[in-house]
Amino acid sequence: MALNLSYNQYWFLIKTANEGLFYKNSILRKLGYQLAQKKRPIVRLKFATYPDFEKDFPGRDAIYDASSQTVLLKKEENIFSDRIILHEFWHVVQCELAGIKMTDKNEAHMEFEVMVLCDVIQTMITGNVVTSIKTYTYMSLVSRLVNLSGHIDPGVESQVLADYNEVYENWARENSFSEPDNYNPGALFCFLSIF
Ligand SMILES: [Zn+2]
């Protein structure tokens with residue numbers, strides 16, 4: 001059972017979200033606004049800690065439980081980590097805006113998509129290219145996505161998707177994720193359509 005955050009913790013979160021991470025990047029603000037506007041199905045995010053977190057999700061700092069629209073945190077302090085909140089926010093976008101269902105089959109690709117989008121946003125915020133994978137193709141994909149702002153047309157979009165799929169396929173092969181892949185990167189589409 002998850003323990004909901006106290007009013008003070010929740011208030012602090014909203015303040016952090018308004019003046020912290022979401023203040024630093026307009027794409028996050030726009031996506032947050034789209035989530036807030038969503039009526040069908042309505043999005044009511046909750047944040048909670050969870051006593052058996054380490055046992056149930058070893059090695060993780062937080063997870064998004066789409067069935068209860070709750071971001072479960074290992075520790076209360078994790079709510080103040082831009083890295084953790086940014087990561088979980090993209091899962092929220094995947095599940096609530098892009099309508100993707102988290103399954104065992106698509107979990108690896110969902111994590112890959114979140115990794116790319118986190119690197120893109122952190123690059124935008126810091127001004128230095130942030131890349132979780134140190135290959136030229138990955139770095140150029142992140143740079144490409146960062147530099148898209150305002151210049152998106154169907155030709156550019158399909159090229160970006162082709163690059164994305166190529167980098168994903170290499171990554172999946174190297175990590176032996178061999179499941180049949182019918183995954184559509186819905187959060188990436190949300191990102192591309194926000195400009
Ligand atoms: Zn994740």
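Author: Welcome! From the N terminus on, the elements of this protein run β-α-α-α-β-α-β-β-α-α-α-α-α, which gives 9 helices and 4 strands. Helices (H or I, at least four residues) and strands (E, at least two) are DSSP runs, numbered from the N terminus. This is a predicted model, where local features need pLDDT of at least 70 and side-chain atom pairs count only at pLDDT 80 or more, while totals for chains, interfaces and linings use all residues. Residues are numbered from 1 along each chain as its sequence is written.

Reader: Let me start with helix 8. How many residues does helix 8 have, and what span does it reach?

Author: Helix 8 covers residues 154-174, 21 residues in total, and its first and last C-alpha atoms are 30 Å apart, close to the 30 Å expected at 1.5 Å a residue. The expected span is 1.5 Å times one less than the number of residues.

Reader: Which residues of helix 8 are buried?

Author: In helix 8, Val 167, Tyr 168 and Trp 171 are the buried residues (buried means 20 or more other C-beta atoms within 10 Å of a residue's own, exposed 12 or fewer, partly exposed in between, with C-beta atoms placed from the backbone). They cover an arc of only 105 degrees around the axis, which puts them on the same side of helix 8; the arc is that of the directions from the helix axis to the C-beta atoms. Exposed residues on the other side of helix 8 include Pro 154, Gln 159 and Arg 173.

Reader: What covers the buried residues of helix 8?

Author: The cover includes helix 6 (107-126) and helix 7 (136-146).

Reader: How do I read a pair of packed helices?

Author: Two packed helices are described by the angle between their axes and the distance between the axes. For helix 6 and helix 7, the axes come within 9 Å and cross at roughly 60 degrees. Axes are lines fitted to C-alpha atoms, for helices over the stretch in contact, and angles run from 0 to 180 degrees between N-to-C directions. Helix 6 and helix 7 are therefore oblique to each other (under 35 degrees is roughly parallel, over 145 roughly antiparallel, 65 to 115 roughly perpendicular, and the rest oblique).

Reader: And where is Val 93?

Author: Val 93 lies in helix 5 (residues 82-97), and is buried, with 26 other C-beta atoms within 10 Å.

Methods
Contact = placed C-beta atoms within 7 Å.
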